[in-house]
Amino acid sequence: MMQDTMPSGLRDPLLKVEHLVVEYAVGSKTVHAVSDVSLEVARGETLGLVGESGCGKSTLGRAVLQLRRPVSGRVLFDGEDLTAMQGETLRRMRRRVQLIFQDPIASLNPRRRIGDIVAEPLVISGVKDARQRERLVGEVLSAVGLDPGLVIGRLPHEFSGGQCQRICIARALVLNPEFIICDEPVSALDVSIRAQILNLLEEMKARYGLTLLFIAHDLAVVKAVSDRVAVMYLGRLCEVGPSEQLFAHPAHPYTALLIKAIPVPDPDVRPAERVAVGEPPSPIAPPSGCRFRTRCPRADQRCINEVPELREVARSQFAACHHPLIEGG
Amino acid sequence: MSEPALLSVEAVAVDLPTARGNLRAVDQVDLKVGAGRTLGIVGESGCGKTMLSRAILQLLPKKAKLSGRVMFDGQDLARLAPERLRKLRGRSLAVVFQDPMTSLNPVLTIGTQLIETLQEHLELDGHAAKKRSVELLAAVGIPAPEQRLMQYPHQLSGGMRQRVAIAIALSCEPKLLIADEPTTALDVTIQAQILDLLAREQRRRHMAMILITHDLGVVAGRTDEVAVMYAGRVVERAPTSALFKKMRMPYTEALLAAIPKIDAAPHTPLPAISGRPPDPTRPLQGCSFSPRCRYANGRCHLDKPVLAAAESGDHQYACFHPIAIKTGVGA
């Protein structure tokens, strides 16, 4: 019965998140950051995770790594449950999963040299041979398009935002991980630099055989790199499906709203007025039933009473909606 | 343009002294905005777009040096006495910033801030100012405006705060509104609402607007004219539809190409612009874009192309090798 809510059908999931719940306390209140989210990422796949600020997408990324412990649910990485792991076992597992953050400059210690910053994961994981470390650091820096000889002795402030993000990517790659969680990796970068970093992530993915969870608020950016896309709203998963299919035929009204709200760089495409109504409610007191119902043009009594479960609305496309825009047979 | 210009920026340059030497943030910019028109200014960070807006508002940092002229509504703003300038700003010249918290006072209620503005500039009495404040908040789409008057900025969401900032900016019926990245800090569904709101109020009030953004998508459907800035200069300027139909400056074209398109297939490599903008304290002799430009040759590295009109008078670009019109034989 539980299996019915899983958007499964993937042959070889490297990551499997099952009924994950993450909450945290703000004063005497509880923020329902992630509520019963299940998803899978296949080996070699990029899963895009989109949603607006406060929807829980970053919390979900952190809960996967157990940087924030979930209240309930399981996170299976390569078949092993990370939520059951502690201490050294968890640390050893984490070497296989790395994280890249939004603000590349803030993610680098301003007082340490680039060579030391990129070598740090190696030191922590016990690579004692300094020459071996130097060789590995040189390799990843070259891979991300930096000249090791020119950069290892310098400090982060000597680099631009785009270059700092390259350094962060090099640091994430140095332990040769299998899985990288990219949390808004390009949203702090200018358009012309953003394209360079997106292309670099794609190259690195191919070169190192990576699996990616790509978290971002920008749908076009997510679509550019993702095989499948998952859409989150106020702590819950609304829809998940193959990128092209999901963008061409969104099933969840929230997905459709997000797509319509993107400004299109074409003056002949008139911006649709009033595509969006209202603002997301607080995750402290999310609406009953479907959490999107307060902004949804299709909402009715059933949406107030019943939480919609994820179900297959088209081949490999799952939506949590009582009144989806498309309905599969 | 048949209408006389409400704002005319003439050969404006802004120099900032820095530890690394003089930084020319804005370099010889000429722009005009007619009454009721919308000009989009597009560029990446550091291109000078915000400094230009501050030069127009006469709100430059103390050490900055401004040259050129800013004519607004028949007056040279640089020559106005501080008191007259202060009266003008907020009254006929208003501004909305990216982060509403920079313009809202965190320790005053929304009501106090709105009522104060109305009393200061329009000399309304307390009762009339309050009534007008409620109307303004309702006009910018804030539910339960009477209650909101008693709230502080931190009690509102980012989108609501930006609505309040817009209400204050619109409160004295400005002739020109400068919106500097008004939606960059907001989520995409809220961005659409705020841009709709600005467009609606602009039409209704026949107000001129300068919309400053890094996003070509934002200017496309919502401006009459676009100026593209790079390294402190306007490098291309045209009516919006003409610009998107036929970009002549390689930078504009590359900037548009670098945006991921929602209708492109996943994993399509993006045509990225290599390198990065030049160091503004080390100006280049030739075209600032030449080190990153795929059309650049010897002349581009030596001479600076000036912004000049093409075949149709209102499409200007600063380039020796403008992108050819499709009908001709490729060079």
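Leaving aside neighbours within four places in sequence, with which residues is Val118(A) in contact? In this predicted model, the contacts of Val118(A) are Val137(A), Val140(A), Leu141(A), Ile167(A), Ala170(A), Arg171(A) and Val174(A). Val118(A) also stands out in the largest nonpolar core, which has 192 residues. Together with Val228(B) and Val235(B), Val118(A) touches the most other members of that core. Helix H7 of chain B, residues 158–170, gives the core its largest share, eight residues. In soluble globular proteins, nonpolar side chains tend to be buried together.

Helix H4 of chain A covers residues 130–143. Five of its residues are named as buried: Arg133(A), Leu136(A), Val137(A), Val140(A) and Leu141(A). Seen down the axis of H4(A), the buried residues fall within an arc of 130°, so they line one face of the helix. Val137(A), Val140(A) and Leu141(A) are among the contacts of Val118(A). The cover over the buried residues of H4(A) includes helices H3 (114–124), H5 (148–151) and H6 (161–173) of chain A. The face turned away from the buried side carries Arg131(A), Gln132(A) and Arg135(A), which are exposed. After H4(A) comes Gly145(A), with a positive phi near 90°.

The two chains touch through 41 residues of chain B and 42 residues of chain A. On the chain B side, the elements giving two or more residues are helices H8 (188–205), H9 (216–220), H10 (240–245) and H11 (250–257). H8(B) supplies the largest share of that side, eight residues. By class, the chain B side has 21 nonpolar, 13 polar and seven charged residues.

Ser316(A) has a phi of about 65°. Ser316(A) lies in the loop between strands E11 (311–314) and E12 (317–319) of chain A. Ser316(A) counts as partly exposed because it has 15 C-beta neighbours inside 10 Å. In chain B, the phi of Ala144(B) is near 50°, again positive in a residue other than glycine. The loop that holds Ala144(B) runs between helices H5 (126–139) and H6 (145–148) of chain B. With 10 C-beta neighbours inside 10 Å, Ala144(B) counts as exposed.

Methods
Residues numbered from 1 in each chain as written. Chains lettered and ligands numbered in written order. Predicted model: local features only at pLDDT ≥ 70, side-chain atom pairs only at ≥ 80, totals over all residues. Helix = DSSP H or I, 4+ residues; strand = E, 2+ residues; numbered from the N terminus. Expected span 1.5 Å × (residues − 1). Buried ≥ 20, exposed ≤ 12 C-beta atoms within 10 Å, placed from the backbone. Arc of directions from axis to C-beta. Contact = placed C-beta atoms within 7 Å. Core = buried A, V, L, I, M, F, W, Y, C linked by C-beta atoms within 7 Å. Nonpolar A, V, L, I, M, F, W, Y, C, P; charged D, E, K, R; others polar.
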